[in-house]
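Subject: Structure handover and findings

Hello,

I am passing on a structure that is new to you. Please look it over first, then read the notes below it.

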Amino acid sequence: MSEFKSDFLRTLKERGFIHQISDETGLDDLLAKETVTAYIGYDPTASSLHVGHLTQIMMLHWFQATGHRPISLMGGGTGMVGDPSFKDEARKLMTVETIEENIVSLKHVFANYLDYDRAQNPALMINNAEWLRPLNYLEFLRDVGRHFSVNRMLSFDSVKTRLDREHSLSFLEFNYMILQAYDFVELNKRYDCRLQMGGSDQWGNIVNGIDLGHRMGTPQLYALTSPLLTTASGAKMGKSASGAVWLNKDLLPVYDFWQYWRNTEDADVVRFAKLFTTLPMDEIDRLAKLGGSEINEAKKILATEVTAILHGRQAAEQAAETARKTFEEGAIAENLPSIEVAAGELDAGIGLLTLVVKAGLAASNGEARRHVQGGAVRINDSAVSDERRVVGTADVSADGVIKLSLGKKKHILVRPA
């Protein structure tokens, strides 16, 4: 379509969220004339989501911001099965207790992007365990299972890829797409939900739900997917050299989250500002015109704006100030990530390689050794070339800490405990 009528699709198009829509004209007409309910499903496979989930969370945010009702669906039921899509092996099965704990943890993240308490079109957080766990198996097979063709299910990319590689696909996992399709029908019945959104890898599963709805007598349902995101250099979003970029600050300090965005590749700054911030488009257009060293200012704005939505404006600006002091003044900023080491351990002396691993700057002594040999490790801003170096109380600065650095951008304060 050349131009959408609805604010939601117009916003998504100009900000780069749209990959596929099942019926552009039908969905646009519906969104333009009434308040619509849409959902995205999240299986609670961990206690936190990571930045790879942010595209979909921001779609829910814009859905509510343009006057509609978003549902963040927690997979308390489907999480007991595990989505096999594009996985080489089955997910580890989780206990009900672990699933429930993860859902409680995930709620804290969503509350920063969606308003569950507003008077008009409040967001809903719903757990599909409500209807999946009490299901009667024989009735479900008869009423829902009869609508699914095994031939067609085997043709889905998410299944076909697994089978083509001759990896096992359990009957348990094979049921996942039936449960996801049933979620869509159940949400329509309970909440008049008409739209399911997700990443482009979920297209087949979402369309499956539309087909099931058609067979079970729902009104017309719709699908909308976003492109799977990679960085300009091809890296998958959500991962960094040191592991997943978590959204929960107990798993990733605010400063590290800010720094992840500050390190965005030049070619990604404008695209990420459109997707992951609420900056107006004219401000993003201004950032797009910055070149040379000015691009670093755009990166700082990007980092601060993304961090402010998740962790609050004050925490974001504090992270920006910590970075400024660390990089521009060479000072030891109190808000840098830190670890505690027993004072007795420092008195006796701790091996440099051991400390680098303990600080999370390397996964093993071998990796730490390579960093030292490459000249990347510094103590209190002085390069260290001796891998047998022992770090002790003599290295504690006047500020009462040891500043351990890897390269120019990773710093950890070692605090005697």
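The notes below go from the whole chain to its sheets, then to charges and surface patches.

This is a predicted model, in which local features need pLDDT of at least 70 and side-chain atom pairs count only at pLDDT 80 or more, while totals for chains, interfaces and linings use all residues. Residues are numbered from 1 along each chain as its sequence is written, and side-chain values use heavy atoms, with hydrogens and water left out.

Whole chain

The protein chain has 19 helices and 15 strands. Here helices (H or I, at least four residues) and strands (E, at least two) are DSSP runs, numbered from the N terminus. The radius of gyration is 24 Å, close to the 22 Å given by the globule rule for 417 residues, so the chain is as compact as a globular protein of that length. That radius is taken over C-alpha atoms, and the rule is 2.2 Å times the number of residues to the power 0.38. The C-alpha trace spans about 75 × 50 × 40 Å along its principal axes.

Sheets

Two strands are called paired if DSSP finds at least two bridges between them. Strand β3 (residues 69-74) runs parallel to β4 and is joined to β4 by four bridges. Met 74 has Asn 127 in β4 as its bridge partner.

Another open sheet is formed by five strands, ordered β9-β15-β14-β11-β12, again with mixed pairing. Its edge strands, β9 (338-341) and β12 (382-383), each pair on one side only. β9 is parallel to β15 (residues 410-416), with four bridges between them. Opposite Ile 339 is Val 414 in β15, and opposite Glu 340 is Arg 415, also in β15. In a regular strand, side chains alternate between the two faces of the sheet.

On β15 there is also an antiparallel pairing with β14 (residues 402-406), made by five bridges. Leu 406 is the bridge partner of Lys 410 in β15. β14 and β15 make a hairpin with three residues between them, and Gly 407 in the turn has a positive phi of about 65°.

Charges and patches

The whole structure contains 18 salt bridges, each a side-chain nitrogen of Lys or Arg within 4 Å of a carboxyl oxygen of Asp or Glu. One of them links Asp 7 to Arg 10, with the closest N and O atoms 2.3 Å apart. These two residues are three apart in helix α1, so about one helical turn separates Asp 7 from Arg 10.

Tyr 137, Leu 138, Leu 141 and Phe 171 make a nonpolar surface patch of about 460 Å². Patch residues have over 30% relative accessible area and no salt bridge, with nonpolar side chains (Val, Leu, Ile, Met, Phe, Trp, Tyr) joined within 5 Å and like charges within 9 Å. Areas come from the Shrake-Rupley method with a 1.4 Å probe, and for residues only the protein chains shown count as cover. Helix α6 (residues 137-143) gives the largest share of this patch, three residues, and Phe 171 lies in helix α9 (residues 171-174).

Regards
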